[in-house]
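User: Hi! Could you take a close look with me at one part of this model, the aromatic rings and their surroundings?

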Amino acid sequence: MSAAAIPLSHTFLSSLEHSMESDMTSTPSPAQPTARSARRSRGTLAPSSVGTGRQTLLHSLHSEWIKLRTLRSTWITAGIALLITAGFGAAIVIGMDHLGRPDSWTQVVGGLQIGQIVVAVLGALAITGEYSSGQIRSSLAAVPRRGRLLLAKATVLSLFSFLLGALSIITAWVISVLVIGDAAGSLADAEYLGFVWGAGLAYAGTALLAMGLGFLLRSTAGAITAVFSLLFVIDIPLSLAVLKWEWINNIRAFEPLPLSGSVYDPFEHLVQWGQPGTQLFLEHWQACLGFAAWAILPVVIAAIVFSRRDA
């Protein structure tokens, strides 16, 4: 019997008790249950019912998916990210084709970096909204194992963000095909598909980065400000410092935004990695690992902190 069945068993036993008390006019036989025995039965049924309804990872994943898809902010941010990524990507592809660029199809990811800002907001809201509303306490009551709760939330968020990124590139391709035809590229091309799944991975990593910061800061504004600073703001003073100290380029190489380019451009159509003496001195595989570290480390740190402090 599952936990959901407990109220039904209580109702059934209560009605059974009432009917027996009203119908019995004499002392019941030993075979007949009394009201007291019914209450004892009710007390023994509840623990077993709760035990069989214990939480599992699949239940946690389903619960997190329900929470994510029922939030209005999820679909607003997803819609904006789709519009920006697909719109900018298609516009750049079409514009480059009109300029006679034969490789215009490689610009389909032109709107991805702007879209990453919106995805970062989505990732932050996935957890900070629960802290601001106090719902995190209900989540912990339903899933007392904090590691499982965080894993379920990270899994659902990353899968949703991956699909959002992939769908954005496919939408940009559809728009481009309607305008410039075959010059927009082909989804049957394995290298073009690299943009599709690469964009999905870039969005998933960005969302995880923001979610990890959200767990640590417990503030929507703080998490969004932090991830925006990491993606864009921090590069402004560093790029100015390069004018005086060229070695600063070695630091800029480890920023999450340029590293994400190695993920959504897996076949190096836009950027050639491994150029000594430049900001792109990392090999392609090293850049991919660097972006993976930006996505995973904040979540790991958040898991450690989340397990040791109060909700």
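Which residues do ring pairs link into a cluster with Trp65?

Analyst: Happy to! Please keep in mind that this is a predicted model. Ring pairs join Trp65 with Trp75 and Phe160 in a cluster.

Let's start with Trp75 and Phe160. Their ring centres lie 5.5 Å apart and their planes meet at 80°, so this pair is edge-to-face. The pair bridges distant parts of the chain, as Trp75 belongs to helix α4 (residues 72-98) and Phe160 to helix α7 (residues 146-180), 85 residues apart. Trp75 is partly exposed, at 46% relative accessibility, whereas Phe160 is buried, with a relative accessible area of 12%.

Another aromatic pair is formed by Phe228 and Phe232, with 5.5 Å from centre to centre and 35° between the planes, a tilted arrangement. Both residues sit in helix α9, 4 residues apart, or about one turn of the helix. Phe228 has a relative accessible area of 35% and is partly exposed; Phe232 is partly exposed too, at 23%. The total count is 8 aromatic pairs.

Helix α9 (residues 220-233) also meets helix α8 (residues 190-217): their axes come within 8 Å and cross at roughly 135°, which makes α8 oblique to α9. The crossing is right-handed. On the α8 side, the contact residues include Leu209, Leu213 and Leu217, and on the α9 side, Ala223, Val227 and Leu230 are among them. By class, this contact has 9 nonpolar and 3 polar residues, with no charged ones.

Definitions and conventions. Residues are numbered from 1 along each chain as its sequence is written. This is a predicted model: local features need pLDDT of at least 70, side-chain atom pairs count only at pLDDT 80 or more; totals for chains, interfaces and linings use all residues. Side-chain values use heavy atoms; hydrogens and water are left out. Axes are lines fitted to C-alpha atoms, for helices over the stretch in contact, and angles run from 0 to 180 degrees between N-to-C directions. Helices (H or I, at least four residues) and strands (E, at least two) are DSSP runs, numbered from the N terminus. Angles under 35 degrees count as roughly parallel, over 145 as roughly antiparallel, 65 to 115 as roughly perpendicular and the rest as oblique. A crossing is left-handed if the near helix is turned anticlockwise from the far one by less than a right angle, and right-handed if clockwise. Contact means heavy atoms within 4.5 Å. Ala, Val, Leu, Ile, Met, Phe, Trp, Tyr, Cys and Pro count as nonpolar, Asp, Glu, Lys and Arg as charged, and the others, Gly among them, as polar. Rings of Phe, Tyr and Trp (its six-membered ring) pair if their centres lie within 6.5 Å; planes under 30 degrees apart count as stacked, over 60 as edge-to-face and the rest as tilted. Buried means under 20% relative accessible area, exposed over 50%, partly exposed in between (1.4 Å probe, protein chains only).
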